[in-house]
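Visitor: I'd like to learn how to read a structure like this one feature by feature. Could you walk me through it?

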Amino acid sequence: MGEFVLAEASALSAPEPKSASQASGPRIHRKRRRDPLALVLGAAVFLVGALLVSAVFYVVYAGVVRPAAPRTAQERQLQLLSEVVKKNPKSDAAWADYAQALIAAQQLSRAERTVNEGLQAVPGAPKILVQQANLLVAREKPDEALKTVAALYKTIDQRRATRKAALAEKSVTEDLGLLDVDEAIAGSILKASIYEDKKDWKNAVAAYDRALKEDPTMTDTLTLRGFAKLNAGDKAGAVKDFETALTFVPDYKAAVEGLQKAKGER
């Protein structure tokens, strides 16, 4: 009995056996070896991502910062005219030519920006005002175009008056009609065409009068006024315009046909 109690006490007081890991001493942390295939795949994903970012950056950079190469003759012309404007920002002719080309290409929003920028660079320039009126006609805003032509006339008259005063101080005489004559004619013919679309023949004739005041030898404009007079019921005036046109260009087909119509020959 005593031996049993002693053995039991010894068993209770004996330390618990250590596990294999505890028995081997302090735990050692070993680095896990990465799978070589995973490393290769990770590097490949990173490389593809970098290439995609570079491609997107290049597309944005090439499309926004640098203009794309022109694909047509028209695009090439627009690009060249844009460069002329950049090199000559104070040239009203450069702005007007660029705006006119944009209108012809039906790029009306760009044309509007060009006209506005041109008028800021060269305020009140008649050449640019003519293109502003053309743009408004292209946007089907004829009444606003007429207002622009009125502003054009006012600007031209003021410029001529200023030159006349300056020349008078120097006792120099000059034909002031030579100043802005092309712009005055262009604005007048545009104004006449707007009134013709409205079938307002009286005002169309008056607009042609203004154009012919600048240059009375324009065969085509004389012919156009002849047809406007014919539509207005002024056959005698139409005959006179057609005959005058034919004195400058005897075989001008439109004037020949207009004269025959005015005389009732066809």
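Visitor: What covers the buried residues of α11?

Guide: Some ground rules first. This is a predicted model, where local features need pLDDT of at least 70 and side-chain atom pairs count only at pLDDT 80 or more, while totals for chains, interfaces and linings use all residues. Residues are numbered from 1 along each chain as its sequence is written, and side-chain values use heavy atoms, with hydrogens and water left out. Helices are DSSP runs of H or I with at least four residues, strands are runs of E with at least two, and both are numbered from the N terminus. Buried means under 20% relative accessible area, exposed over 50%, and partly exposed in between, with a 1.4 Å probe and protein chains only. A contact means heavy atoms within 4.5 Å. Now your case: the cover over the buried residues of α11 includes α9, α10, α12 and α13.

Visitor: Which residues of α11 are buried?

Guide: They are Thr219, Thr221, Leu222, Thr223, Arg225, Gly226, Ala228, Lys229 and Leu230. Take Thr221, which sits in helix α11 (residues 219-231). Its relative accessible area is 0%, so Thr221 is buried. Leaving out residues up to four places away in sequence, Thr221 touches Ile189, Tyr208, Ala211 and Leu212.

Visitor: How do I check the length of a helix?

Guide: Compare the end-to-end distance with the expected span, which is 1.5 Å times one less than the number of residues. For α11, 13 residues should span 18 Å, and the end C-alpha atoms are 19 Å apart, which agrees. Helix α9 (residues 181-197) has 17 residues and reaches 25 Å from first C-alpha to last, close to the expected 24 Å.

Visitor: What covers the buried residues of α9?

Guide: The cover includes α7 (126-138), α8 (142-169) and α10 (201-214). Among the buried residues of α9 are Val181, Glu183, Ile185, Leu190 and Tyr195.

Visitor: Which ring does the charged end of Arg210 sit over?

Guide: A charge sits over a ring if NZ of Lys or CZ of Arg is within 6 Å of the ring centre and within 35 degrees of the ring normal. Here the charged end of Arg210 sits over the ring of Tyr153, 4.2 Å from its centre.

Visitor: Where is Lys199, with its positive phi?

Guide: Lys199 is in the loop between α9 and α10. Its phi is positive, about 60°, although Lys199 is not a glycine. At 61% relative accessibility, Lys199 counts as exposed. Glu140, in the loop between α7 and α8, also has a phi near 60°. Its relative accessible area is 71%, so Glu140 is exposed. Just after α11, Gly233 takes a positive phi of about 95°.

Visitor: How many helices and strands does the protein chain have?

Guide: The protein chain comes to 13 helices and 0 strands. Of its 266 residues, 31% count as buried. Among contacts with a separation of 6 or more, 45% are between residues 24 or more positions apart.
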